[in-house]
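The following report describes a protein chain together with its ligands. Please keep the sequence and the structure in view while reading.

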Amino acid sequence: MGPLVRIATAGSVDDGKSTLIGRLLFDSKSILTDQLAAVERTSAERNEETPNLALLTDGLRAEREQGITIDVAYRYFATPRRKFIIADTPGHLQYTRNMVTGASTADLALILVDARKGVLEQSRRHAFISSLLGLTHLVVCVNKMDLVDWSRERFEEIREEFRRFAMKLEIPDLTFIPMSALNGDNVVNRSAEMPWYEGTSLLQHLERVHVASDQNLIDVRLPVQYVIRADQDFRGYSGSMSGGVLKTGDEVAVLPAGFTSRVTAIWGPGGSAVAEAFPPQAVTVELADHVDVGRGDLICRPGNRPHTGQDIDAMVCWLTEQSALSPGARYAVQHTSRLVRGSVRELDYRLDINTLHRDESASSLSLNEIGRIRLRTQSPLLFDPYRRNRDTGCFVLIDEATNNTVAAGMIIGPRVTHANVAWHATAVTREQRATRGLTLWLTGLSGSGKSTVAVELERRLVASGRPAYVLDGDNLRHGLNADLGFDPADRAENVRRVGAVARLFADAGNIAIVSSISPYAADRDQVRAAHEEAGISFVEIFVDTPLAVCEARDPKGLYAKARAGAIRDLTGVDAPYEAPARPELVLRHSAGDPAALAASVLAYLDE
Ligand SMILES: Nc1ncnc2c1ncn2[C@@H]1O[C@H](COP(=O)(O)OS(=O)(=O)O)[C@@H](OP(=O)(O)O)[C@H]1O
Ligand SMILES: Nc1ncnc2c1ncn2[C@@H]1O[C@H](COP(=O)(O)OP(=O)(O)O)[C@@H](O)[C@H]1O
């Protein structure tokens with residue numbers, strides 16, 4: 001049998017979630033006969049024609065994690081190909097908490113959308129939380145297709161709307177399935193009602209989706225939970241593998257102490273010796289040297305260590321009604337097998353899940369709200385970013401007075417700005433420098449003409465005796481930003497760095513001419529804010545060339561590659577571009593050749 005697939009579900013009230021789960025269980029013949037008999041009996045008592053499959057999941061309530069009651073029902077089912085665990089997270093408005101806890105261990109999320117209602121605020125929240133939790137596979141079940149006459153147009157409309165929002169998120173695998181859970185269309189069996197739909201049924205999709213490679217098998221991480229001392233000679237270190245593949249004979253490092261040793265034996269869950277261990281196995285390992293290892297230590301490979309630190313940037317979801325998160329508050333921090341003290345030093349922003357707007361003026365987070373914080377722990381944690389490792393990258397905050405879990409956290413990374421690093425002012429003021437600098441920021445699609453205009457601008461400015469320098473996104477990606485890709489987080493970091501460099505150039509008296517797609521408005525706004533803070537002018541120039549024109553130019557062949565499926569996340573094709581709302585200047589491709597466009601920028605500057 002294939003791997004165990006963990007499924008989270010989310011939908012608004014009445015979207016048909018329980019019915020869908022019931023249908024999956026029923027049609028895949030997984031329901032135990034006595035349960036089915038009970039359902040039929042209850043349905044008969046209620047005078048319902050067909051068995052009400054929602055009754056199968058109702059009443060199955062589980063409590064996990066200390067202190068929070070989670071209304072998540074877990075159901076197990078299997079087909080000859082795979083085993084599944086499905087978590088039914090309730091859809092009422094205050095569901096974020098349940099979803100965070102129910103979905104955090106899931107491989108895949110099902111999001112239900114009622115075909116009549118379309119994409120609701122809730123649907124967007126579900127998608128956002130799924131991406132926040134790092135779920136790579138998302139299936140949007142467009143349910144109740146029978147109530148819209150199996151309309152292909154309606155399905156496609158919903159798909160497009162959902163896609164538009166999802167483009168701003170990190171969801172590598174997004175699938176849409178039109179269905180009627182009530183009637184069983186496209187749940188287990190392909191529907192005869194929607195011949196236009198060429199995809200698989202939901203169950204077929206669940207049986208085939210490739211989840212195995214989602215595990216991090218690269219970074220060996222074994223947080224030690226217990227030390228077993230059977231007799232004088234035997235010391236075993238037990239814990240659950242959180243990443244990587246560990247083999248007997250491997251060199252390992254034990255953190256935080258940092259000494260190295262070798263694995264001499266590994267025992268698997270049943271107590272028998274195994275040659276290798278991988279997540280999520282619970283194992284016990286023995287090392288060649290009798291070293292001092294304790295609960296909360298971490299075993300890894302010497303050349304591949306997690307971050308060690310006390311200042312951590314994280315996204316948190318606040319889970320309690322009893323209190324609110326506010327900067328300065330102290331908590332117990334549970335991270336892997338360690339419990340340490342910590343405090344929230346800063347709330348960077350609160351996120352509006354619907355618009356993805358960051359409210360930097362927010363001073364607290366209440367139930368179900370999500371924000372970015374800086375956490376400081378009293379002793380160092382051994383951690384990875386959540387997107388790299390879901391175990392070593394997550395933590396919960398516990399209120400020490402009540403012992404309640406109050407927040408779930410996903411680590412972004414170590415805090416880069418250090419409290420011990422101060423800003424050194426120079427003795428030269430900006431006025432004393434020969435020239436006053438500023439930043440010209442050209443944003444637009446690939447092939448829109450940013451670089452061509454930037455080069456022309458630089459030529460003209462230098463020719464007229466003004467120091468100018470082009471900072472091209474493409475070029476900086478060869479050096480400073482060589483470690484970054486094109487997902488939203490990497491683009492944000494790319495734009496942040498380019499912005500920081502431009503600010504330094506401008507501060508030194510240069511005209512920094514930036515040519516960068518910089519597709520996200522929020523990232524550009526942050527660069528603008530950083531300039532304003534330093535008293536440096538920031539001129540946002542939108543190179544407004546329509547996608548069709550850029551695609552026809554296609555100077556690097558990127559659009560052709562993207563259309564052929566050879567590359568992903570190309571801005572404008574399968575990644576978003578958020579046009580500036582209030583740029584200082586707009587350069588329309590129809591307004592002339594690159595020289596004419598550059599001239600209009602100079603005219604603006606001279607004004
Ligand atoms: N997937 C994808 N999406 C967008 N762009 C891609 C991609 N893959 C490679 N390239 C090439 O990288 C250049 C964009 O780099 P930027 O630093 O300007 O991009 S961004 O601001 O971080 O979005 C961009 O340069 P320009 O064509 O000059 O815009 C491309 O040549
Ligand atoms: N205003 C314009 N009119 C016609 N062609 C242009 C114009 N601006 C740029 N081009 C052409 O379009 C192509 C793409 O321009 P480029 O500057 O490389 O775009 P970007 O840096 O935005 O990716 C180049 O071949 C360039 O000659």
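## Nonpolar cores

In this predicted model, the largest nonpolar core holds 101 residues. Within this core, I111, C141, V142 and A407 touch the most other members. For A407, the contacts beyond four places in sequence are V316, C317, W318, L319, L325, V396 and L397.

There is also a second, separate core, made of 31 residues. Among its members are V470, I513, F538 and V543.

## Overall organisation

The protein has 607 residues, of which 43% count as buried. Its secondary structure comes to 13 helices and 28 strands. Among contacts with a separation of 6 or more, 72% are between residues 24 or more positions apart.

## Confidence of the prediction

The average pLDDT of the protein is 86, and 87% of the residues score at least 70. Residues 49-70 are a stretch where pLDDT stays under 50. For this stretch the model has 52 contacts beyond four places in sequence. For the complex, the predictor gives an ipTM of 0.94 and a pTM of 0.57.

Which residues come nearest to ligand 1? They are S446, G473, R491, S516 and I517, out of 20 residues around this ligand. Two elements give two or more residues to this shell, namely α8 (473-476) and α9 (488-507). The largest share, three residues, comes from α9. By class, the shell around ligand 1 consists of seven nonpolar, eight polar and five charged residues.

Two residues of helix α9 may be examined individually. P488 is found in this helix and touches K168, E170 and Y520, apart from residues up to four places away in sequence. P488 counts as buried because it has 20 C-beta neighbours inside 10 Å, and 20 is the number from which a residue is called buried. The C-alpha atoms of P488 and A575 are separated by 8.8 Å, although the two residues are 87 residues apart along the chain. D490 also lies in helix α9. D490 has 15 C-beta neighbours inside 10 Å and therefore counts as partly exposed. Leaving aside neighbours within four places in sequence, D490 is in contact with L484 and G485.

## The annotated binding site

An unreviewed UniProt entry places the feature "binding site" at G444, L445, S446, G447, S448, G449, K450 and S451. L445 lies in the loop between β24 (438-443) and α7 (450-463), and S446 has its place in the loop between β24 and α7 as well.

Is L445 buried or exposed? L445 is buried, because 24 other C-beta atoms lie within 10 Å. Its contacts beyond four places in sequence are I517, T545, L547, C550, T571, G572 and Y577. S446 has 26 C-beta neighbours inside 10 Å and so counts as buried. Apart from residues up to four places away in sequence, S446 touches I517, C550, L558 and T571.

## The annotated active site

Where does UniProt place the feature "active site"? The unreviewed entry places this feature at S518. In the model, S518 is found in the loop between β26 (511-515) and α10 (521-533).

S518 is buried, because 27 other C-beta atoms lie within 10 Å of its own. Not counting residues up to four places away in sequence, S518 touches T443, V495, D523 and R524.

Conventions
Residues numbered from 1 in each chain as written. Chains lettered and ligands numbered in written order. Predicted model: local features only at pLDDT ≥ 70, side-chain atom pairs only at ≥ 80, totals over all residues. Near = placed C-beta within 6 Å. Helix = DSSP H or I, 4+ residues; strand = E, 2+ residues; numbered from the N terminus. Nonpolar A, V, L, I, M, F, W, Y, C, P; charged D, E, K, R; others polar. UniProt positions renumbered as here; feature names shortened; annotations may be inferred. Buried ≥ 20, exposed ≤ 12 C-beta atoms within 10 Å, placed from the backbone. Contact = placed C-beta atoms within 7 Å. Core = buried A, V, L, I, M, F, W, Y, C linked by C-beta atoms within 7 Å. pLDDT = per-residue confidence, 0-100.
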